Amino acid sequence: MDGADSERKESGFKVRTPVAEARRILRDAVVASADLDEGDDASVDDPPQAGVERIDVERADGRVLAAPVESARNVPHYQRAAMDGYAVRAADTFGASDRSPEVLRIAEGTGGDASVGPNIAARVHTGSALPEDADAVVMIERVTALESAGELEVEDAVAEGENVAPIGEDVEEGQRLYEAGHRLRPSDLGLLRSAGYAKVSVATRPTVGVVPTGEELVAGDPGPGEVVETNGLTVSRLVERWGGRATYRDVVTDDPESLRVAIQRDLTKDVVVTTGGSSVGERDLLPEVIDDLGEVLVHGVGLKPGHPVCLGVVEDTPVLALPGYPVACIVNAVQFLRPVLRWLEGTEPDPHPTTLARLERKIPSEPGTRTFARVQLESRETDATDLEADEPRYAATPTRASGSGVLSSVALADGWVVVDDDREGIPEGETVAVENWEPNG
């Protein structure tokens, strides 16, 4: 242990890096590492170059496009009826009205299988191919079919193209549909299939080695002094929800050589994440191990709960040492691991969905520290006239149990309120944005 490490373990964190600055440092390192992997000289201002794979469209929900996509064909690729009715030549309906209908013969067959000619109409359904030589559709409500005579009374004149969906009305061949970096949704998959795609090129899912550490952790029933391992489980499932591929490792004890081997084992992954052992206590060995193997970029962040996080790089692989307290671990995973996964696939993290609410109790905070206060939401609206139009419809109550080790305070909360670094708490009665950080993506 060098002098700096010894001093830090004796005195704790004297300086805590602001969250925004820590994320900037981490992003620069992730981008630089990705550029080195690609063998280019791209600037740290550029997004990382994610790996690419080609997959079936039906498996691409939630994946990020690796290249722009243009339609391979017109949609629809044929003229089709936009209404149920009869396909006609518009000129044959000229002058038709309720009082003086035009009489046309009914062709055999329907849709594209029928033949339309002078004074001949063909039955069509919505979406049917328009018969050759037809250029309009008369709605079914505006005709009277004389089936026994094989004739049709048309009571409405139609113009050329009326009630007809032209070729390429939905999408034209060559039309740009999506840019690279677009995250695909179920509706996108339908459009891609319609536009002629069976497969699509997407960014590979980042791989993450998740390593829980701590000699007190057990997988089964805990004895005195033992704790059930939960951080690794939670983080690995968050990785999967955020689009990565997690390898959830067995617990590694607080031993420098064991920790070194565990990190080196997962350097084949895109990211290594450890839980526990990231602070400045006697058993907090990970910062020293990371610094010995590579470089510690940040140790100690102005964030509550969760300031004893360690962010580093080993052999161009980002290594995130998250705190052992469950809430602190989750907060840091959301603030640092989620962005890393987005950067590795060539995107930026989207803002979390929020709900506006009236704060029911003051949230204290230290200036210079970004605080994440867990809250529960309740509807304030008992009657539609109870609240003014600009008042929030929900009340946010900070959870009573707020310690960084109280996992239930997160699991039973509806979200959290972020107190920015430059504020000294939020007073009761203020309208706040409650972040829902746990939905998919």
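Analyst: The following account takes the aromatic pairs in turn. The model is predicted, and every value given here is computed from it.

The count comes to 2 aromatic pairs. One of them joins Phe372 and Trp416, whose ring centres are 5.3 Å apart and whose planes meet at 70°. Planes over 60 degrees apart count as edge-to-face, so the pair of Phe372 and Trp416 belongs to that class. Phe372 is part of strand 23, residues 370-379, whereas Trp416 is part of strand 25, residues 415-419. The pair therefore ties together parts that are 44 residues apart in sequence. Phe372 and Trp416 are both buried.

Trp416 also forms an aromatic pair with Trp437. Here the centres are 5.0 Å apart and the angle between the planes is 10°. Because planes under 30 degrees apart count as stacked, the pair of Trp416 and Trp437 is described as stacked. Trp416 lies in strand 25, as stated above, while Trp437 lies in the segment after strand 26, which covers residues 431-435. This pair therefore ties together parts that are 21 residues apart in sequence. Trp437 is buried, as is Trp416.

Taken together, the ring pairs link Phe372, Trp416 and Trp437 into a cluster. Trp416 takes part in both contacts: edge-to-face with Phe372 and stacked with Trp437.

Methods
Residues are numbered from 1 along each chain as its sequence is written. This is a predicted model: local features need pLDDT of at least 70, side-chain atom pairs count only at pLDDT 80 or more; totals for chains, interfaces and linings use all residues. Side-chain values use heavy atoms; hydrogens and water are left out. Rings of Phe, Tyr and Trp (its six-membered ring) pair if their centres lie within 6.5 Å; planes under 30 degrees apart count as stacked, over 60 as edge-to-face and the rest as tilted. Helices (H or I, at least four residues) and strands (E, at least two) are DSSP runs, numbered from the N terminus. Buried means under 20% relative accessible area, exposed over 50%, partly exposed in between (1.4 Å probe, protein chains only).
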